[in-house]
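Hi,

Here is the structure I promised to pass on. Have a look at it first, and my notes on what turned up follow below.

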Amino acid sequence: VSIKYLDLPDLDKLIEGLEKKWGISTMEMLGKSSVRENIPEVVLLKWETYVRQRLLLREHYAKLRADYLSHIPRSSGSGNRLTSKELSELAA
Amino acid sequence: VDYLEFKRSFESGLSKLKLPADCKLQEAFWTPLRVPLSWSVEFCLEFDDNNHIHIWENHDKFAGLYDSRRIAWSYHYGVITTRDADNKITQGPADGPVQIRIDTCSGLHLHYQAREPHYSQDRIIGLELSSVDAFRFIKAVFKHRSKGKDLPHALGFKIKQ
């Protein structure tokens, strides 16, 4: 039995690989029945799955990040604020 | 059912399959997400007469629940058309030969002996397409091959004319 764990970069790569192989964008694959006819159905299913899984992971990581940030106490003082000099440097 | 539990149960089912003498099982390939919210499994069963069964299915874990659901699947039986340099079966063309396939591409449907037409559930009598899982499909093909039953009979369906 072989296993490959997929993360966001893997899914990006798989989706890009399919776009390259079939010469169409993911949007075209999803929406154009004329191009879908030339692609084996199981390939379409895998492609659609990668897109859905990418969304699942993005939502999961966004939620994780939001949860994490919600536990960091807000600073009430000016200690974390940038000075005007630092702001000018950042702008530059 | 989470990914590990599902995998254990699926592999146990695979190992219990009584393979005909002319059939070889190619290693199952699992692709779970790093965060196991979703996973897919794929494998082939190859017969000596150049036919094969190709199974692919994807499952999602229900958010917040200890359960999973089958989201997308393709169960295919037909002649092998393409192989890679290691002689492993690879995906054939869209219009490749098919004896029978049940898949969920653009909605659940069945193909029988040809790519067209796509038979959706309302054209099928005697079989709930969504009730067919990988093992039921494989066993029906085994029955078809060993007992000479036609595939509709082996799976228990008729097509509305």
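**What I found**

Let me start with B:Lys143, which counts as partly exposed because its relative accessibility is 33% (buried means under 20% relative accessible area, exposed over 50%, and partly exposed in between, with a 1.4 Å probe and protein chains only). You'll find B:Lys143 in helix H2 (residues 134-147) of chain B; helices (H or I, at least four residues) and strands (E, at least two) are DSSP runs, numbered from the N terminus. Setting aside neighbours within four places in sequence, B:Lys143 is in contact with B:Gly148, B:Lys149 and B:Ala154 (contact means heavy atoms within 4.5 Å). B:Leu155 is 12 residues away from B:Lys143 in sequence, and their C-alpha atoms are 9.1 Å apart.

Before going on, some ground rules: this is a predicted model, where local features need pLDDT of at least 70 and side-chain atom pairs count only at pLDDT 80 or more, while totals for chains, interfaces and linings use all residues. Residues are numbered from 1 along each chain as its sequence is written, chains are lettered from A and ligands numbered from 1 in the order in which they are written, and side-chain values use heavy atoms, with hydrogens and water left out.

Next, the largest pocket. Its lining consists of 44 residues, and those nearest its centre are A:Lys46, B:Glu42, B:His54, B:Thr90 and B:Gln91. (On a 1 Å grid over the protein atoms alone, a pocket is an open set of points where a 1.4 Å probe fits, with protein on both sides within 12 Å along at least five of seven lines; lining residues have an atom within 4 Å of a point.) Elements giving two or more residues to this lining include H1 and H4 of chain A and strand E3 (38-47) of chain B.

So is A:Lys46 buried or exposed? A:Lys46 is buried, at 19% relative accessible area. This lysine sits in helix H4 (residues 41-70) of chain A and, not counting residues up to four places away in sequence, touches B:Glu42 and B:Trp56.

Finally, some backbone details in chain B. B:Glu116 and B:Pro117 are joined by a cis peptide bond, with omega about 0°, and B:Pro117 is in the loop between strand E9 (109-112) and strand E10 (119-120). B:Asn50, in the loop between E3 and E4, has a positive phi near 70° though it is not glycine. B:Asn87 has a phi near 70° too and is partly exposed at 49%.

Cheers
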